[in-house]
Amino acid sequence: MTQASGSGTGPRVLVVDDNPTNVDLLVRRLERDGYCVFSLDNALTFEADVDRIEPDVVLLDWMMPERSGIEALRGLRRTHDANRLPVIMVTARGEGEAVSEAIEAGANDYITKPIDFTVLRSRMNGVLVRRMGVLEVDQANQDLEAKVSQRTTELQSANTRLKGEVTERIKAEARANRMARTDILTGLPNRLHLMDRLREL
């Protein structure tokens, strides 16, 4: 079940945890920090929920009964890049092997339970700053591509116009040459044409 906070104008945070106490604690703390918080009590439809909610960062619990956080993360990474949608794994497991597995699955960071909110705030700020940098580069690339496309269209239009002008000039020169070498009234070759032909011969 999805629940959305009514407050917070900051980044959108999706909390996924099957423990209502953990969710309540995280939601209240994040809302107090100004985040717009959404929560899920399972990860069964995680990918579809992410597409619907469009969070800026996800806090994903590792251990959930129906579908683990690590399985949900692997599913998410098939369609969502880690640079554009950061995921912080929340785990009670020991750091060594669990952290390595989470990072390999596509997590951007991790935090252990019980949650130290100072550490959580720092890690969320870190992944959000990196995400913002990537999105700014994406926007700059889109703007550049749009400008290149616009300039290409303008150049193609100018090139077409120039070709038309060159064609018209060639036709005009041919007409002028023909008019200079023929009698306007009869259309027969005139004296200039005769003199040119005599020189050629």
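## Salt bridges

The count of salt bridges comes to 12, where a salt bridge is a side-chain nitrogen of Lys or Arg within 4 Å of a carboxyl oxygen of Asp or Glu. Side chains of opposite charge can pair when their charged atoms come close. The model is predicted: local features need pLDDT of at least 70, side-chain atom pairs count only at pLDDT 80 or more, and totals for chains, interfaces and linings use all residues. Residues are numbered from 1 along each chain as its sequence is written, and side-chain values use heavy atoms, with hydrogens and water left out.

One of the bridges joins aspartate 17 and lysine 113, with an N to O distance of 3.6 Å. Aspartate 17 sits in the loop between β2 (12–16) and α1 (20–32), and lysine 113 in the loop between β6 (109–112) and α5 (117–181), so the bridge ties together parts that are 96 residues apart in sequence. Helices (H or I, at least four residues) and strands (E, at least two) are DSSP runs, numbered from the N terminus. Aspartate 17 is buried, at 3% relative accessible area, whereas lysine 113 is partly exposed, at 25%. Buried means under 20% relative accessible area, exposed over 50%, and partly exposed in between (1.4 Å probe, protein chains only). A network of salt bridges links Asp17, Asp61 and Lys113.

## Two further pairs

Arginine 121 and aspartate 33 form a salt bridge in which the closest N and O atoms are 3.3 Å apart. This pair links distant parts of the chain, with arginine 121 in helix α5 and aspartate 33 in the loop between α1 and β3 (36–40), 88 residues apart. Arginine 121 is partly exposed at 30% relative accessibility, and aspartate 33 is partly exposed with a relative accessible area of 35%.

Arginine 84 forms a salt bridge with aspartate 81, and here the closest N and O atoms are 2.6 Å apart. Arginine 84 has a relative accessible area of 34% and is partly exposed. Aspartate 81, at 35% relative accessibility, also counts as partly exposed.

## Overall fold and dimensions

The protein has 6 helices and 6 strands. Starting at the N terminus, the order of elements is β-β-α-β-α-β-α-β-α-β-α-α. The radius of gyration is 35 Å, well over the 17 Å that the globule rule gives for 201 residues, so the protein is more spread out than a compact globule. The radius is taken over C-alpha atoms, and the globule rule is 2.2 Å times the number of residues to the power 0.38.

Along the principal axes, the C-alpha atoms fill a box of roughly 105 × 35 × 30 Å. Of the 201 residues, 33% are buried. Among contacts with a separation of 6 or more, 65% are between residues 24 or more positions apart; contact means heavy atoms within 4.5 Å.

## Packing of α2 and α3

Helix α2 (residues 46–53) packs against helix α3 (residues 69–76) at an angle of about 60°, and the axes are 9 Å apart. Axes are lines fitted to C-alpha atoms, for helices over the stretch in contact, and angles run from 0 to 180 degrees between N-to-C directions. The angle makes α2 oblique to α3. Angles under 35 degrees count as roughly parallel, over 145 as roughly antiparallel, 65 to 115 as roughly perpendicular and the rest as oblique.

On the α2 side the contact is made by Phe46, Glu47 and Val50, and on the α3 side by Ala72, Gly75 and Leu76. These residues divide into 4 nonpolar, 1 polar and 1 charged. Ala, Val, Leu, Ile, Met, Phe, Trp, Tyr, Cys and Pro count as nonpolar, Asp, Glu, Lys and Arg as charged, and the others, Gly among them, as polar. Helix α3 is mostly covered, with 6 of its 8 residues buried: Gly69, Ile70, Ala72, Leu73, Gly75 and Leu76.

Valine 16 belongs to strand β2 and is buried, with a relative accessible area of 1%. Not counting residues up to four places away in sequence, valine 16 touches Leu40, Asn42, Ala43, Phe46, Val58, Leu59, Leu60, Asp61 and Met64. Valine 16 and leucine 60 lie 44 residues apart in sequence, with a C-alpha to C-alpha distance of 4.9 Å.

Threonine 91 is in strand β5 (residues 87–91) and counts as buried at 4% relative accessibility. Leaving aside neighbours within four places in sequence, threonine 91 is in contact with Trp62, Ile111, Thr112 and Lys113.
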